[in-house]
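Hi,

Here is the structure I promised to pass on to you. Have a look at it first, and then read on for my notes.

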Amino acid sequence: MTMGKATPDEIASAYDGIADNLGEVLGSSLHMGYWGGPEPALTIEDASDRMTDLIMDGLDTSPGQRVIDIGCGTGSPAMRLARARNVTVVGVTISGVQVDIATERAAAEGLSDQVSFQRANAMELPFPDASFDAAWAIECLLHMPDRLTVLREIARVLRPGGSLALSDPVLRSPHMTGEQREVLDRYYDLFKVVNVPPIDDYPGILRDSGFQLDRMTDVGDHLDPHRWGPRGWRVLSESLRQNPALTADKYGLTPEQHDAFLTGLASMEGLPAQGYLLVSAHLAGTRGGSR
């Protein structure tokens, strides 16, 4: 498993600083978009919503059930889930700024009775055992130092048979040259990534945390940068370099930090192929409610 160096406080501080601006790069859902399918996505929001819906497809819920959203960001996926499935969603994030933004958005959308958000560490969830029917974790486990601990905490707060859906970056190949390792470490430092496992390890991680795997699909070839083809990461870097307001100005980066950020993006082109898993699983026991 490849490890980064960021601490929880550093990750929280980073997201506090960019919580209201990152959506201009990734869309309001703050996760990678899915650019495949029979009809091409036209905007980042389209692609982000499509990814949210693909993850939702792996979540087994019934109306009125209670779902925990791990790493909820600024709330858009939670609200989309609440509307689509008529469930109650409790989102957790270590960023206090994200909690404030998500809470305001829920109120503006008239969803305060159905969706709520609070600051919490996913490795120590402040909820009783068996207090949720389902859980999802969208592109957040990479920021957590121990994926197994987080998944065991999710298992603890789920009822027997509870459903889990998640998305998670993985390494398609753990074998790298020294230069590739250096590029990867630079990328992890820039984006506060703590760990990314090899794809072959994932079934065992789920099993060791108490989950039974239902489906695992690598959609890494359909992520945002890939819509520009093989040079996607470099093209994304060049695009952001032409619009510094989306990075340097709004994130408060110095010219040196801004250059390092864009150089890091471009260098992703030289890494081994990165995978991106969509996973659905359920906690040992009788299956949960059906859709």
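Helix α5 is followed by Gly 110, which has a positive phi, near 70°; helices here are DSSP runs of H or I with at least four residues, strands are runs of E with at least two, and both are numbered from the N terminus. Before you go further, please note that this is a predicted model, in which local features need pLDDT of at least 70 and side-chain atom pairs count only at pLDDT 80 or more, while totals for chains, interfaces and linings use all residues. Residues are numbered from 1 along each chain as its sequence is written, and side-chain values use heavy atoms, with hydrogens and water left out.

Back to α5 itself. The helix covers residues 96-108, 13 residues in all, and reaches 19 Å from its first C-alpha to its last, close to the 18 Å expected at 1.5 Å a residue (the expected span is 1.5 Å times one less than the number of residues). Its buried residues are Gln 98, Val 99, Ile 101, Ala 102 and Ala 106. By buried I mean under 20% relative accessible area, with exposed over 50% and partly exposed in between, using a 1.4 Å probe and protein chains only.

Helix α3 (residues 44-57) can be checked in the same manner. Its 14 residues should span 20 Å at 1.5 Å a residue, and its end C-alpha atoms are 20 Å apart, which agrees. In this helix, Ala 47, Ser 48, Met 51, Thr 52, Ile 55 and Met 56 are buried. As a reminder, an α-helix has 3.6 residues a turn, so residues three or four places apart point the same way.

Helix α4 (residues 76-85) is largely enclosed by the rest of the structure, because seven of its 10 residues are buried. These are Ser 76, Pro 77, Ala 78, Met 79, Leu 81, Ala 82 and Arg 85. Their cover includes α3, β2 (66-70), β3 (88-93), α5, β4 and β5, where contact means heavy atoms within 4.5 Å. After α4 comes Asn 86, with a positive phi near 55°.

Two further backbone angles may interest you. Most residues other than glycine have a negative phi. Ala 130, although not a glycine, has a positive phi of about 50°; this residue lies in the loop between β4 (115-119) and β5 (132-138) and is partly exposed, at 33% relative accessible area. Glu 139 is not a glycine either and has a positive phi of about 50°. Glu 139 belongs to the loop between β5 and α6 (147-157), and with a relative accessible area of 17% it is buried.

What does a search of the whole structure find in the way of aromatic pairs? There is one: Phe 127 and Phe 132, edge-to-face, at 5.2 Å centre to centre with 85° between the planes. For the cut-offs, rings of Phe, Tyr and Trp (its six-membered ring) pair if their centres lie within 6.5 Å, and planes under 30 degrees apart count as stacked, over 60 as edge-to-face and the rest as tilted. Phe 127 is buried at 10% relative accessibility, and Phe 132 is buried at 0%. The charged end of Arg 66 also sits over the ring of Phe 132, 4.2 Å from its centre (this requires NZ of Lys or CZ of Arg within 6 Å of the ring centre and within 35 degrees of the ring normal).

How many disulfides are there? The search finds zero, a disulfide being a pair of cysteine sulfur atoms within 2.5 Å. The sulfur of Cys 72 has its closest cysteine sulfur in Cys 140, 9.2 Å away, too far for a bond. Cys 72 is buried at 3% relative accessibility, and Cys 140 is buried at 6%.

In helix α6 you will find Ala 155, which is buried at 12% relative accessible area. Leaving aside neighbours within four places in sequence, Ala 155 is in contact with Ser 209, Phe 211 and Leu 283. The C-alpha atoms of Ala 155 and His 282 are 9.0 Å apart, with 127 residues separating the two along the chain.

For the protein as a whole, there are 11 helices and nine strands, and 52% of the 291 residues count as buried. Among contacts between residues at least 6 apart in sequence, 77% join residues at least 24 apart.

Best wishes
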